[in-house]
There are 2 protein chains.
Amino acid sequence: MLVTISRQFASGGREIGKRLADELGLKYYDKEIIAEIANTAKLDEEYVSKVLENGGYTNFAFSFAHSIPLVSPTPNTVTDVLVAQQKVIRAIAKKGDCVIVGRCADVIAHDFNPVKIFVYADEQTKLERCRARAKAGETLTDKQLLKSFKEIDKGRAKLYDLLAAYPWGAREGYDLMVNTSRTEITKIIKPLSDLITVLSARK
Amino acid sequence: MLVTISRQFASGGREIGKRLADELGLKYYDKEIIAEIANTAKLDEEYVSKVLENGGYTNFAFSFAHSIPLVSPTPNTVTDVLVAQQKVIRAIAKKGDCVIVGRCADVIAHDFNPVKIFVYADEQTKLERCRARAKAGETLTDKQLLKSFKEIDKGRAKLYDLLAAYPWGAREGYDLMVNTSRTEITKIIKPLSDLITVLSARK
């Protein structure tokens, strides 16, 4: 069984992925994939992370104030990252019995017949989730937070749209789209896992 | 508990609605609403049906070869239909404990906190469902069938978009979007009903 979770930032997709993996007895892959990709591409982990967050081929405007990479993002190195991502994700998917959060896994591993979930929520819910997890002293306004949500999702979509048949978040690309607005995530895990089990058996 | 099903034509939304109602012990409302609306608006049932299928305020190009209405569609009578639809749907929603298929019920009865489901499927699945139900001797091509699916969905969207905050089929307007491609509908009913039960308890 292979489950992929695409999600809007702050909608609880990561939490759903982890809890589903526990419920279904599956392995769970998330941020550790970045390290694996960096290792495969023989590139700095933080660099790899920035490339993937910014959708690959873009003009990078981020600063490396605290960790200077010896190499600037160039089309060659970006390609190396994307090729490494492909390799790593497909190797994981091949082993199967796992939940993968993000990383365009639903597209990269499409032929392994994953159950493809998209998680999203309304602005209010996302703001509440974000504030509940905010470090003490963070003073961003709702407007600033919503803007950052949009930017992060935009970065995710950029890379996804490079690889996928349908735009990121478009219903045609998923088996199930779950709106977590005003929802206690722990309560939906059991029925959601049962539904995924049934969908996983499709031809 | 109130459940509304919006759906693409031939995606199995109607079947899902009926089976969910059985599973959850809820009343099921579907085509009989048309008769109720016609009765409330004191208009011909077939006329009412045509108005609603064509999205309300349009230039009607349909023929009444076999049943001539004494009144042509005019903005006034169309309004009567829409007002009647509003009354009928809200009365049903107020009684609660039911599943309503279509009729923009999720929008019209939004304040009754329905669990809003959108059902869709890929073209292949929709063609197969349609052919499985086709009367003997029907010889429409795949291309013609797909065109008719688009037209029917377009009619549904037209009326919906008149009333709703989000476009018909846009994820923001629903709690759950279910892709029934390659899926045996009977198998997803139990877990789907459990999920709906949880979602129904949200504030």
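A residue counts as buried when its relative accessible area is under 20%, as exposed when that area is over 50%, and as partly exposed in between. The exercises below apply this to a predicted model.

**Exercise 1. Classify Arg131(A) and Asp142(A) as buried, partly exposed or exposed, and describe how their side chains meet.**

Step 1. Arg131(A) has a relative accessibility of 37%, and because this value lies between the two limits, the residue counts as partly exposed.

Step 2. Asp142(A), with a relative accessible area of 39%, is partly exposed by the rule.

Step 3. Asp142(A) and Arg131(A) form a salt bridge, in which the closest N and O atoms are 2.7 Å apart. Since Asp142(A) lies in helix H7 (residues 142-163) of chain A and Arg131(A) in helix H6 of chain A, the pair ties together parts that are 11 residues apart in sequence.

**Exercise 2. Find what Glu15(A) pairs with, and work out which parts of chain A are tied together by this pair.**

Step 1. Recall that side chains of opposite charge can pair when their charged atoms come close.

Step 2. The side chain of Glu15(A) meets that of Arg129(A) in a salt bridge, with a distance of 3.2 Å from N to O. Because Glu15(A) belongs to helix H1 of chain A and Arg129(A) to helix H6 (residues 123-133) of chain A, this pair connects parts that are 114 residues apart in sequence.

Step 3. Arg129(A) has a relative accessible area of 17%, so this residue is buried.

**Exercise 3. Locate Gln8(A), decide whether it is buried or exposed, and describe its surroundings.**

Step 1. Gln8(A) sits in the loop between strand E1 (2-7) and helix H1 (13-24) of chain A.

Step 2. Its relative accessibility is 8%, and therefore Gln8(A) counts as buried.

Step 3. The side chain of Gln8(A) reaches the backbone nitrogen of Ala121(A) at 3.2 Å. If residues up to four places away in sequence are not counted, Gln8(A) touches several residues, including Phe118(A), Tyr120(A), Trp168(A) and, from the other chain, Arg171(B).

**Exercise 4. Describe the interface of chain A and chain B, starting with its extent and ending with the strands that pair across it.**

Step 1. In this interface, 28 residues of chain A are in contact with 27 residues of chain B. The two chains bury about 2200 Å² between them, with 53% of it on carbon and sulfur atoms.

Step 2. The count of salt bridges between chain A and chain B is zero, whereas the rule finds 13 residue pairs in polar contact across the interface.

Step 3. On the side of chain A that touches chain B, the largest share, eight residues, comes from H8(A). This side consists of 14 nonpolar, six polar and eight charged residues.

Step 4. E5(A) pairs with strand E5 (residues 176-179) of chain B in the antiparallel sense over three bridges, and Val178(A) stands opposite Leu176(B) in E5(B).

Methods: Residues are numbered from 1 along each chain as its sequence is written. Chains are lettered from A and ligands numbered from 1 in the order in which they are written. This is a predicted model: local features need pLDDT of at least 70, side-chain atom pairs count only at pLDDT 80 or more; totals for chains, interfaces and linings use all residues. Side-chain values use heavy atoms; hydrogens and water are left out. Contact means heavy atoms within 4.5 Å. Buried area is the accessible area (1.4 Å probe) that two parts lose on being put together, summed over both. A salt bridge is a side-chain nitrogen of Lys or Arg within 4 Å of a carboxyl oxygen of Asp or Glu. A polar contact is a pair of N or O atoms within 3.5 Å; within protein, one must be able to donate a hydrogen and the other to accept it, and residues adjacent in sequence count only if both atoms are side-chain atoms. Helices (H or I, at least four residues) and strands (E, at least two) are DSSP runs, numbered from the N terminus. Ala, Val, Leu, Ile, Met, Phe, Trp, Tyr, Cys and Pro count as nonpolar, Asp, Glu, Lys and Arg as charged, and the others, Gly among them, as polar. Two strands pair if DSSP finds at least two bridges between them. Buried means under 20% relative accessible area, exposed over 50%, partly exposed in between (1.4 Å probe, protein chains only).
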